[in-house]
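Try each one before reading its solution.

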Amino acid sequence: MTETKTKQTRKKDKKEPRRRRGVTALRRRGLRVLRTGLHEQAAARLRSLIVRGDLSPGHQLLELDMSEALGISRTPLREALKQLATEGLVELRLNRSAVVAPLRRDELAELFEAVSGIERCAAELAATRIAARDLERLEALQRRIEWHHDRGELHDYFEANQQIHAAIVGFARNTVLKATHDALLPRVERARFFALSARGRWDESVREHRQILAALRAGDAERAGRLLDHHVRRTGEIVTNALDSKGGDAGAASPGSELREIETRKVRT
């Protein structure tokens with residue numbers, strides 16, 4: 001009897017390690033992540049084209065045309081479109097087609113209302129938490145936007161402008177605030193670029209950034225917050241006024257080939 005129990009115990013001891021190894025292997029397979037990132041590259045390329053208006057509001061994103069233009073298969077393209085849909089830049093239709101999301105006046109008014117509040121809070125916090133090296137970075141970025149503004153280099157100006165806004169939010173050193181701002185950023189970027197196409201607003205924007213930097217340098221939280229709040233709301237007004245002149249929203253695709261820009265810079269597989 002004792003000998004039988006001993007044999008059974010030995011059998012269990014032999015089987016147990018094999019079972020643990022099997023579970024470990026299963027967990028490894030289940031947690032393994034694909035590292036291709038092709039759909040992320042496609043999403044980044046399309047995001048840039050949408051934000052800068054190369055793909056206009058309402059433009060239909062046909063899978064065959066888009067996959068050929070980007071040089072990728074339909075599977076990563078669909079994943080890229082899903083990602084852009086979560087960012088509010090693309091709308092997916094029931095028949096699996098997709099369009100560039102229209103610029104809708106009411107939605108943009110609410111968007112800028114929310115972003116102005118977030119960035120005002122960020123500026124107030126940044127004014128009390130900003131370090132000397134942070135101010136040096138903002139001053140360098142201010143010099144960059146003035147350089148590009150004076151030379152009429154809109155795309156370069158826009159890049160530096162976005163870095164300034166992101167930097168101020170980062171200098172608030174509040175991860176929740178930053179995550180909330182990041183979630184809204186793609187839609188905000190598109191509207192800001194749309195607003196900067198008006199030369200008068202471009203000139204205004206440079207002056208406003210100088211004032212915001214001066215308030216942050218002085219550690220004046222109330223003034224920094226108030227100025228950035230006005231700056232963001234003013235951009236929103238420019239966009240909504242422009243849409244009012246077009247009947248409330250911009251959603252019709254303009255004629256011409258909007259895929260030329262994509263075709264000249266395909267995603268490499």
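**Exercise 1.** In which helix is the place of D229?

Solution. D229 sits in helix α10, residues 221–245; helices are DSSP runs of H or I, at least four residues, numbered from the N terminus. This is a predicted model, where local features need pLDDT of at least 70, side-chain atom pairs count only at pLDDT 80 or more, and totals for chains, interfaces and linings use all residues. Residues are numbered from 1 along each chain as its sequence is written, and side-chain values use heavy atoms, leaving out hydrogens and water.

**Exercise 2.** Is D229 buried or exposed?

Solution. Start with the cut-offs: buried means under 20% relative accessible area, exposed over 50%, and partly exposed in between (1.4 Å probe, protein chains only). D229 has 12% relative accessibility, so D229 counts as buried. Next, look at its contacts (heavy atoms within 4.5 Å): setting aside residues up to four places away in sequence, D229 touches S116, G117 and R120.

**Exercise 3.** How many aromatic pairs does a search of the whole structure find?

Solution. The search finds 2. Rings of Phe, Tyr and Trp (its six-membered ring) pair if their centres lie within 6.5 Å; planes under 30 degrees apart are stacked, over 60 edge-to-face, the rest tilted. Y157 and W202 are edge-to-face, 5.3 Å centre to centre with 70 degrees between the planes. They link helix α7 (residues 154–171) to helix α9 (residues 199–218), 45 residues apart. Y157 is buried at 0% relative accessibility, and W202 is buried at 5%. For F158 and F193, the centres are 5.0 Å apart and the planes at 85 degrees, so this pair is edge-to-face.

Notes:
Helices (H or I, at least four residues) and strands (E, at least two) are DSSP runs, numbered from the N terminus.
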